[in-house]
Amino acid sequence: MLQNKKRFLLILITAIFLISATIPSTLLADQGTDVQNFVIRLYETCLGRSPDPGGLQNWTTHLVSGDISGGQAAYGFIFSDELIGRNLNNEQFLIIMYKAFFGREPDPSGFSNWLQVMARGESRQQVFAHFVNSEEFANICTSYGIEPGSVKVRETTREGTGDRDDLIKGSDQFYSLITRALNLLATYDPEVYQQYRLAERIIETPQQNALASTDGKNVYIDLSKRVFYDIEFEKEIACTLSHEFNHIANWDYYRDSRDYYGMEIMAFTQEYYTASRLGMPAHFLNYIAWIIDNIYYLYHAYTPDYAQNILN
């Protein structure tokens, strides 16, 4: 009887060991397969060909180990010597970006807006940053079990003497939110998007009683002052940036004229039209319209909870 118990315990211990050894390797194998499929997808959408065995193994290994993110891998394909050597025009470049980062063909409106943005001087590096920071690409990466990562929006100085990669100052959450909001402006309101070139910094910092403010060159944003929790935050931020960029674009005029009420009316009007282009709901548009009609009153009555009192 004792011998049977020992045999049973031995079999049980062996079974537990085999299961514990097998499950992690199975999970790793599944993850490796998913990541490998992600790499194959990059080869097909970016380079238009099947992967070579060495390249497939190399990219897969680095992604599985976490050495690089999905966005970093995508950068290696988009700006590879192979793709650059094809001398793609902007239309061809954008078609690849849509397929690689959005998993679809371009929509006519968005495609046209991106062409306009690039025609005005937006570099392919900057366009890449917006695509890789998009929610659509994040969803694609998640479906393959990898981290999408993020890429800084690189900005060329007005003198054209170098690159700026420090436009956005704040936490990782702040950086991700601002880049998504800028991506929305670039797609749906490219005229406003061009105004952000005039900003020196977009900075995460506490505010007394507002979501955002500007001093004529810097935009200051406090994420804790959010009001519309039923709206995607990046859309609310895009509208807020539209407002503050208008201040920056017209700062010298308003500073000289001291027409502060007119400054706010113009900024809120631009914000209203941006909100319309983003498809913001009626209650948000009505809120902005109400503010435009009550600018003078708000200058004297605004408190930290005033916006929420209006909604209630």
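Visitor: Which residue lies over the face of Phe 233?

Guide: This is a predicted model, in which local features need pLDDT of at least 70, side-chain atom pairs count only at pLDDT 80 or more, and totals for chains, interfaces and linings use all residues. Residues are numbered from 1 along each chain as its sequence is written, and side-chain values use heavy atoms, without hydrogens and water. A charge sits over a ring if NZ of Lys or CZ of Arg is within 6 Å of the ring centre and within 35 degrees of the ring normal. At 4.2 Å from the ring centre, the residue over Phe 233 is Arg 226.

Visitor: How are the rings of Phe 101 and Phe 128 arranged, stacked, tilted or edge-to-face?

Guide: Rings of Phe, Tyr and Trp (its six-membered ring) pair if their centres lie within 6.5 Å; planes under 30 degrees apart count as stacked, over 60 as edge-to-face and the rest as tilted. With centres 5.5 Å apart and planes at 80 degrees, the pair of Phe 101 and Phe 128 is therefore edge-to-face.

Visitor: How do the axes of helices H6 and H9 run, roughly parallel, antiparallel or perpendicular?

Guide: Helices (H or I, at least four residues) are DSSP runs, numbered from the N terminus. Axes are lines fitted to C-alpha atoms over the stretch in contact, with angles from 0 to 180 degrees between N-to-C directions. The axes of H6 (residues 108-119) and H9 (residues 172-188) come within 7 Å and cross at roughly 100 degrees. Since 65 to 115 degrees counts as roughly perpendicular, H6 and H9 are therefore roughly perpendicular.

Visitor: Which residues of H9 meet Gly 110, Asn 113, Trp 114 and Val 117 in H6?

Guide: Contact means heavy atoms within 4.5 Å. On the H9 side, the residues are Asn 183, Ala 186, Thr 187 and Tyr 188.

Definitions and conventions
Helices (H or I, at least four residues) and strands (E, at least two) are DSSP runs, numbered from the N terminus. Angles under 35 degrees count as roughly parallel, over 145 as roughly antiparallel, 65 to 115 as roughly perpendicular and the rest as oblique.
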